[in-house]
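The following exercises concern the fold and local geometry of one protein chain.

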Amino acid sequence: MNVLREHSDIETTFPEYFTCNKEKDFVVSKYTHFQQASVDSIVAFSFVTDAIIILNKQEYKQVRTMTFSDASLFDAMRRNGFFVKKETDEYSLIAQYRHKISARIPKTVKFVILPTTNCNAQCKYCIGMNNRQLTMTAATIEKTVEYIVAVASNYENIKFNWYGGEPLLCHATITHICEEIKCRLLNINFSSVITTNIACFNDSLLQTAIDSWHIRKVNVTIDGIEEEHNSRKNYVNHTLNGYKHTMEYIGKLIEHNISVFCRFNIDKNNVNQLAAVINDIRPFLKSQFFYFFVSPLRGDNTHIEFYKTKEYNALFYDTGVVLNENGVHNIIDSFVPKALQGFCLAKSEHSFVIGPNGNLFRCNLDDLIDENSTGSVYSGLNKNDVYQQFVGLKLDKKCVDCKFLPICHGGCPIEAKFASDSNCRCTKFRFKLEATAKLLARYYMSVN
């Protein structure tokens with residue numbers, strides 16, 4: 001037995017998983033999952049408590065039959081919440097907690113703002129290509145400021161997420177909004193996250209982002225080695241070497257203690273370039289401000305180069321080996337999600353998406369059309385049917401009965417809307433569970 005991850009601090013939230021001391025008082029939780037990892041190893045996951053334990057076949061048999069010859073095995077499984085008191089309605093516990101999360105009023109309000117849907121790159125896979133090319137007018141910028149001031153006055157902090165298009169094309173708009181908020185909301189702190197291709201960054205703008213935007217995190221993507229990346233990005237400025245510029249400014253962001261989340265957009269045509277890309281980012285890997293991860297491109301079924309969800313186990317095992325052998329990150333932190341961490345932005349009543357024409361939306365990944373709007377900065381929030389589809393707590397029957405519910409919360413409505421062979425509403429973890437178990441068994445202390 002190897003305890004790879006101890007339970008999270010939830011004993012007071014779910015005492016039903018921790019309060020009994022005898023085998024006869026417990027059953028295996030419906031949110032415990034056992035995944036075969038090798039001939040003689042099984043990985044046990046608790047999707048409520050976040051614990052992970054590797055068992056051998058004999059230990060697994062004891063757990064499944066709840067007949068223990070090894071007291072330390074029972075104690076470890078009980079202590080980490082893999083069991084639950086008999087007669088416990090586990091779904092009711094999770095449902096109650098979901099309502100508690102929904103009712104909780106946080107100290108921070110979040111605004112995702114798209115100052116423009118224009119872009120200086122023309123990525124063929126970009127979901128934003130479906131949107132009209134719009135840029136905020138002066139009138140909309142002012143109304144956006146007024147709306148933020150009105151909403152945020154009830155909170156202690158603001159978190160801005162600048163999105164696009166390419167938001168840096170409208171860096172003056174970002175600066176104006178931030179400076180106005182600084183002047184009008186003197187007692188409220190704010191910080192910024194930006195999703196960008198970095199191509200517009202120069203040293204002066206980076207300093208503005210630090211001083212005026214209070215930038216804390218940058219999301220950026222890499223599409224392959226230098227030639228592949230530049231070809232896929234298809235920058236409007238054809239003289240720009242976007243790959244080299246991206247690498248340069250990732251380094252500069254890290255030097256300023258700004259977190260960089262770097263996503264490798266992977267498909268069947270660039271998967272063999274992963275090791276080479278890792279070699280290029282190697283100088284950043286020791287920094288606590290740099291995080292690199294692999295994410296399959298997703299879209300409709302016309303993209304034959306995209307991995308289907310049924311192919312994820314093979315993909316994530318192979319890439320997981322490459323990532324680990326190159327010291328990028330460990331399997332536990334990067335592959336296994338934690339439960340009950342709260343809802344995504346689209347499901348939270350304390351988050352708002354503001355489009356370039358001032359319309360309000362629930363998710364920045366949705367098509368930014370009037371039919372998907374939930375009001376505007378001009379007229380205010382409209383809790384219409386679209387709003388309720390996201391914020392409501394109602395679940396499909398298959399979600400109610402699903403073991404992944406504590407880490408999934410019913411999945412992503414946007415991905416359900418655009419479902420395909422490479423895309424569905426369920427947590428992606430369920431499609432790489434086998435790979436995760438095999439990688440855990442491979443890299444973390446062999447089972448005795």
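**Exercise 1: The setting of one residue**

Asp-421 is partly exposed, with a relative accessible area of 38%; buried means under 20%, exposed over 50% and partly exposed in between, with a 1.4 Å probe and protein chains only. The model is predicted: local features need pLDDT of at least 70, side-chain atom pairs count only at pLDDT 80 or more, and totals for chains, interfaces and linings use all residues. Residues are numbered from 1 along each chain as its sequence is written, and side-chain values use heavy atoms, with hydrogens and water left out.

Task: Locate Asp-421 in the chain and state with which residues Asp-421 is in contact, leaving aside neighbours within four places in sequence.

Solution. Step 1: Asp-421 belongs to the loop between helix H15 (413-417) and helix H16 (433-443); helices (H or I, at least four residues) and strands (E, at least two) are DSSP runs, numbered from the N terminus. Step 2: beyond four places in sequence, Asp-421 is in contact (heavy atoms within 4.5 Å) with Asn-301, Lys-308 and Thr-309. Step 3: its C-alpha atom is separated by 43 Å from that of Ile-181, 240 residues apart along the chain.

**Exercise 2: Core and helix packing**

Task: Which residues touch the most other members of the largest nonpolar core, and what is in contact with Ile-181?

Solution. Step 1: a nonpolar core is a set of buried Ala, Val, Leu, Ile, Met, Phe, Trp, Tyr and Cys residues joined through side-chain atoms within 4.5 Å. Step 2: the largest has 107 residues, and Phe-111, Ile-148, Ile-158, Phe-160, Ile-181, Phe-290 and Phe-292 touch the most other members. Step 3: helix H4 (residues 138-152) gives this core its largest share, seven residues. Step 4: leaving aside neighbours within four places in sequence, Ile-181 is in contact with Val-145, Ile-148, Val-149, Ile-158, Phe-160 and Phe-190.

**Exercise 3: Backbone geometry**

Task: Is Ile-198 buried or exposed, and what is its phi?

Solution. Step 1: Ile-198 is found in the loop between S9 and helix H6 (203-211). Step 2: its relative accessibility is 0%, so Ile-198 counts as buried. Step 3: although Ile-198 is not a glycine, its phi is positive, about 70°. Step 4: His-214, also not a glycine, has a positive phi of about 55° and counts as partly exposed at 21% relative accessibility.
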